[in-house]
Amino acid sequence: MGAPPKPRAKKPHPEAGPADDSEKPDTVGGEPTALNRSLGHVNVAVARMPKQSKVATELTAQIEVGRKRWPQFLATLRAEDPDRNDGAAAYAARYTSVPALNQELPANLRNYLATMNIDTRGFTKYATGPRGGEKAYENYYNAKQGVIVASWNYAEKDVGDGTRLNLSEILFHEYTAEAERVGSPVKNLRYVVRSSIQGQAALKVMEAITPLKDRFGSRSWEPGSDEFNALLSIDNVKSIPYLLTDHREALGHKSILRIVTFGLSALVIELG
């Protein structure tokens, strides 16, 4: 049984939302690029859709959301304001050592992590939920290697007393607890892995941006591209800019270097 994250003073935050990763950042943005010229696969895919297509309209809107968020995220990251603190006293966490992350990760993702010299052994699983309630979050951490694997997060199960923390805060408190437990600096964080993408809205974006030839492999998306901006809008990614800006001092003012997708079901957010 591990100790719960340390209590912190609660503050309201614009992330608040009703479901897993349903944070709605209004201060994180996408680098401006012209939508009226071809910028790779996304614009080609949108151009081929009927003008009245709901998918085309939604994808264009999501690209625009990310486009606005990225420069605002960078500006906030450079600010000298202190870290924002949130309360975690209403939560209880249990941790257990995991021999290896095999079943939890698809093979192509495990292979990619191996090329980055990340060992899938030595992770710790944290199961967190409201005190007296059921588990709402289950994630894996290797603080020595600087890796978070966000696996199972259902905020609708987080029905305890008090204000619910957003996923970015859950990840930060769990990672901090693990870093302190193993004696590793919190600033070591380098990768956030989303190992099982299941939301329909996210899957639609993943399908729209991923060429057929990459559906069973991997693809890297860089800041400034429409594909990157579209990914910034999905539930599985948009909590990470908040993680980095709300705790920029603790995490060393890191930014997002790239997002690597693995087929349509997993992705890695590389930080630096």
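**Notebook: helix 4 against helix 7**

I looked up how helix 4 and helix 7 cross and found the crossing right-handed (the near helix is turned clockwise from the far one by less than a right angle). Helices here are DSSP runs of H or I with at least four residues, and strands are runs of E with at least two, numbered from the N terminus.

The model is predicted, so local features need pLDDT of at least 70 and side-chain atom pairs 80 or more, while totals for chains, interfaces and linings use all residues. Residues are numbered from 1 along each chain, and side-chain values use heavy atoms, without hydrogens and water.

I noted an angle of about 55° between helix 4 (residues 167-182) and helix 7 (residues 239-246), with axes 8 Å apart. Axes are lines fitted to C-alpha atoms over the stretch in contact, and angles run from 0 to 180 degrees between N-to-C directions. That makes helix 4 oblique to helix 7 (under 35 degrees is roughly parallel, over 145 roughly antiparallel, 65 to 115 roughly perpendicular, the rest oblique).

I listed the contact (heavy atoms within 4.5 Å): Leu-167, Ser-168, Glu-169, Leu-171 and Phe-172 of helix 4 meet Ser-239, Ile-240, Tyr-242, Leu-243 and Asp-246 of helix 7.

I checked pLDDT, the predictor's confidence in each residue from 0 to 100. The chain mean is 76, and 74% of the residues reach 70 or more. Over residues 4-53 pLDDT stays under 50. Where pLDDT is low, the predicted coordinates should not be read in detail.
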